[in-house]
Amino acid sequence: MKLAAFTDKAVYRDAAEKALRTISEPALRYPMGFARWLCAADFAFDNGRQVAVVFNEKDENTQELIRLIQGEYRPNMIVAACSYPPPQDAPALLMDRPLKENKATVYVCEHFVCKQPVNSVEELRQLL
């Protein structure tokens, strides 16, 4: 499920949904034995947030933004980061994400609908 959200490739989601269907009955009967599977099912029902960070390698604010993103447990959040411009083989989450004011920029999306990009810790804190 996370690979599908990270790459935007339906083949991963289809495979995960098929696997979840095969274990649904035993997981409902014995949930303690299927904790990781139930986490995957939770992610399947609510893809959570996708966060893309693009940055200029000389921007000192980048690490502060990333520390804020990683500072709390957010199990259903997908995060991708790279310097700008992203390479051709970068995850789909990072594509078409320009820098805002030539500074490290964070795109926070929910269900693949993105909010306005931000580049300050205070703005990012409000979105997360």
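The model is predicted, so local features need pLDDT of at least 70 and side-chain atom pairs count only at pLDDT 80 or more, while totals for chains, interfaces and linings use all residues. Residues are numbered from 1 along each chain as its sequence is written, and side-chain values use heavy atoms, with hydrogens and water left out. The count of salt bridges is six, and the count of disulfides is one.

**Helix 4**

- Helices (H or I, at least four residues) and strands (E, at least two) are DSSP runs, numbered from the N terminus.
- Helix 4 spans residues 62-70, and its buried residues are T62, L65, I66, L68 and I69. They lie on the same side of helix 4 because they cover an arc of only 155° around the axis. That arc is taken from the directions from the helix axis to the C-beta atoms.
- Buried means under 20% relative accessible area, exposed means over 50%, and partly exposed lies in between (1.4 Å probe, protein chains only).
- R67 and Q70 are exposed on the other side of helix 4.
- The packing partners of the buried residues of helix 4 are strand 1 (49-55), strand 2 (77-83), strand 3 (105-110) and helix 5 (121-127). Contact here means heavy atoms within 4.5 Å.

**Nonpolar surface patch**

- L3, V11 and Y12 make up a nonpolar patch on the surface, and together they have about 290 Å² of accessible area. Accessible areas come from the Shrake-Rupley method with a 1.4 Å probe, and for residues only the protein chains shown count as cover.
- Patches are made of residues with over 30% relative accessible area and no salt bridge; like charges are joined within 9 Å, and nonpolar side chains (Val, Leu, Ile, Met, Phe, Trp, Tyr) within 5 Å.
- V11 sits in helix 2 (residues 10-29). V11 counts as exposed because its relative accessibility is 57%.

**Salt bridges**

- Side chains of opposite charge can pair when their charged atoms come close. A salt bridge is a side-chain nitrogen of Lys or Arg within 4 Å of a carboxyl oxygen of Asp or Glu.
- R29 pairs with E25 in a salt bridge, with 2.9 Å between the closest N and O atoms. R29 and E25 are four residues apart in helix 2, so about one helical turn separates them. E25 is exposed, at 52% relative accessible area.
- E72 and R74 form a salt bridge at 3.9 Å, N to O. E72 is exposed at 57% relative accessible area, whereas R74 counts as buried at 19% relative accessibility.
- E110 and K115 form a salt bridge at 2.6 Å, N to O. E110 is partly exposed at 27% relative accessibility, and K115 is partly exposed at 33%.
- A network of salt bridges links R49, E110 and K115.

**Cysteines**

- A disulfide is a pair of cysteine sulfur atoms within 2.5 Å. C109 and C114 are joined by a disulfide, S to S 1.9 Å.
- The link of C109 and C114 is right-handed, with 85° about the S-S bond. C109 is buried at 1% relative accessibility, whereas C114 is partly exposed at 33% relative accessible area.
- The closest cysteine sulfur to that of C82 is in C109, at 14 Å, which is too far for a bond. C82 counts as buried, at 12% relative accessibility.
- C39 is partly exposed, with 43% relative accessible area.
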